[in-house]
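Subject: Structure handover

Hello,

Here is the structure we talked about. Please open it first, then read the notes below.

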Amino acid sequence: MSRRYKSVLVTGASSGMGKDFAQRLLKDGMTVYAAARSVDKMQDLKEAGAIVLPMDITKEEDVVAAVEAIRAGHGGIDVLINNAGYGQYGPVEETPIETARYQFEVNIFGLARLTQLLLPLMRTNDRGLIINISSVGGKIYTPLGAWYHATKHALEGWSDALRLELKPHGIDVVVIEPGAIKTEFGTALSDNMKGNPEGPYRDLIQRLSSANKRAYEQDIGSPTSVITDLVMRAIRAEKPKTRYAAGAFSGSSLFLRWLLPDRWFDAAVMSQIK
């Protein structure tokens, strides 16, 4: 492993991809800060050598405290993996604005604030890497996912602009776009769906929920390890790519979005929701 980078902060490390990132990075000998709201779910990481930080990405005091702990412990970090996030689903008309606002707080503004606070520490070393975990949903779209897709599309553009700003300071910015990952199947839609089951969008809600249930029952989706492999590739690369994508349907989805006119892509998306 490249020893250019020795320390890393992983957000959303209590489960799924974030926990897998932290475990792999620990095995490769890096100093790992693991942050999440649920500290009890990171006990295994702590026992493996991670420095566990309680942090709700939407709370300024939590973010500041985490950065201060990193400053006090190691003076800063080499790699920041912005992984914390979730998907909010439901019709635009029926999703409360406060719910939509919270989606942006988690997926964009909290991530951005953490990055702002860590950048001065990273710049002192004239090197560093920021890995933003986006989604193929940052390039494509589905019905009932408007607020989620809006945050991921925003993250893509935000990352591109940040990359240009940080290049003179030796800090690179990488976007990783997971496709369908098994840890996310079967729960995201059911747990985070807003909408009136008897309202004007009830048929669409039912169709999307049924399609998600079928995918879950068929065990469609890639293991978290395929995304962890991309994270490790980016960290090890002398000159990482600006974007990496992997996971079920990632290649086909991105290719079709590039190839098809909007209306044709609309039809392709809706054909999968039956």
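Two strands pair if DSSP finds at least two bridges between them. Helices (H or I, at least four residues) and strands (E, at least two) are DSSP runs, numbered from the N terminus. This is a predicted model: local features need pLDDT of at least 70, side-chain atom pairs count only at pLDDT 80 or more, and totals for chains, interfaces and linings use all residues. Residues are numbered from 1 along each chain as its sequence is written, and side-chain values use heavy atoms, with hydrogens and water left out.

**Around strand β4**

Start at β4, residues 79–82. Strand β5 (residues 128–133) pairs with β4 in the parallel sense, over four bridges. Within that pairing, isoleucine 81 has isoleucine 131 of β5 as its bridge partner. Strand β1 (residues 7–11) also runs parallel to β4, joined by three bridges. Here leucine 9 stands opposite leucine 80.

Which way do the β4 side chains point? Val79 and Ile81 go one way, Leu80 and Asn82 the other. All are buried (under 20% relative accessible area; exposed is over 50%, partly exposed in between; 1.4 Å probe, protein chains only).

β4, helix α4 (residues 97–123) and β5 make a right-handed β-α-β unit. Right-handed means that, with the strands pointing away from the viewer, the path from the first strand over the helix to the second runs clockwise.

**Salt bridges**

How many salt bridges does the structure hold? There are twelve. Each is a side-chain nitrogen of Lys or Arg within 4 Å of a carboxyl oxygen of Asp or Glu.

Lysine 19 forms one with aspartate 44, with the closest N and O atoms 3.1 Å apart. Lysine 19 sits in helix α1 (residues 16–27) and aspartate 44 in helix α2 (residues 43–47), 25 residues apart. Lysine 19 is buried at 15% relative accessible area. Aspartate 44 is partly exposed at 33%.

Glutamate 177 has a salt bridge with lysine 139 (3.5 Å, N to O). Lysine 139 lies in the loop between β5 and α5 (146–166) and glutamate 177 in strand β6 (residues 171–178), so the pair ties together parts 38 residues apart in sequence. Glutamate 177 is buried, at 3%. Lysine 139 is partly exposed, at 34%.

Arginine 243 also forms a salt bridge with glutamate 177, the closest N and O atoms being 3.5 Å apart. Arginine 243 is in strand β7 (residues 243–246), 66 residues from glutamate 177.

Finally, a network of salt bridges links Lys139, Glu156, Asp160, Arg163, Glu177 and Arg243.

Best wishes
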